[in-house]
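Open the structure in your viewer and keep the selection tool handy. We will go from stop to stop, selecting a few residues each time.

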Amino acid sequence: MNRLLLSVAGAAALVSVGLIASSPAQAWADKCRENVDAQIDDEYRIYFHTSGNELSEESVERIDRAHSIASARDVAQLCIIGQASKEGNSKRNANLAYARAEAVANAFVARGWKRDQIVVRSKGESWGFMTDWLTDDSAADRRVDVTFSY
C-alpha cells in the first residue's frame with residue numbers, strides 16, 4: 001500500500017513539473033502545441049468575413065483539401081488555431097477566433113474525424129500580418145490555421 005501511495009505521489013509530482021502529461025487529452029494538446037510553430041501551408045488557412053464565423057464556399061473547399069491530404073498522410077491529430085483581426089474589443093475577438101476554430105473543427109468532424117483527434121485553440125487578435133500600430137480589419141488576420149501532427 002505504501003508503494004502505491006509513493007507511486008501515485010511520484011506521478012503527481014512529475015505531472016506538476018510537466019515531465020509527463022496528466023491525461024491523454026493533455027498529451028495530445030502538448031503535441032499540438034509543439035507543432036503550432038511548424039510552417040503553415042496557405043492551402044490550409046481558412047479565411048472568414050469580418051465579425052463572422054460562417055464557412056464560405058472557398059473555406060469548405062480548403063477544408064475538403066486539407067481533409068483529403070490529412071487522410072492520405074495518416075495524420076494522427078489536427079491542430080486548429082483561430083485568429084481575429086485587431087478591430088474591436090480584444091475579449092470579443094478572442095471569443096470570435098475560438099468560434100471560428102470550432103466551426104472548422106466541426107467541419108472536420110462532419111468528414112469523419114473524431115473530436116479527440118482535434119485540438120482547438122484561439123490566438124485571439126492576430127499581429128502577424130500587420131504592424132503593431134495598425135488596427136485595421138485585415139482579411140489575412142481573420143483566419144483559422146490547420147496544422148497536422150503525426
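Select Asp 74 to begin: at 65% relative accessibility, Asp 74 counts as exposed (exposed means over 50% relative accessible area, buried under 20%, partly exposed in between, with a 1.4 Å probe and protein chains only). Asp 74 sits in the loop between H3 and E2, and its phi is positive, about 55°, although it is not a glycine. Helices here are DSSP runs of H or I with at least four residues, strands are E runs of at least two, and both are numbered from the N terminus.

A note before moving on: this is a predicted model, where local features need pLDDT of at least 70 and side-chain atom pairs count only at pLDDT 80 or more, while totals for chains, interfaces and linings use all residues. Residues are numbered from 1 along each chain as its sequence is written, and side-chain values use heavy atoms, leaving out hydrogens and water.

Next, pick Ser 51, in the loop between E1 and H3. Ser 51 is not a glycine either, yet has a positive phi of about 60°; at 47% relative accessibility, it counts as partly exposed.

Now select helix H4, residues 90-110. Color the buried residues of H4, among them Leu 96, Arg 100, Val 104 and Phe 108. Which elements do the buried residues of H4 pack against? Show strand E1 (45-47), helix H3 (57-72), strand E2 (77-84), strand E3 (118-125) and strand E4 (143-149).

Last stop: Gly 112 follows H4 and has a positive phi, near 105°.

Technical notes: The expected span of a helix is 1.5 Å times one less than its number of residues. Contact means heavy atoms within 4.5 Å.
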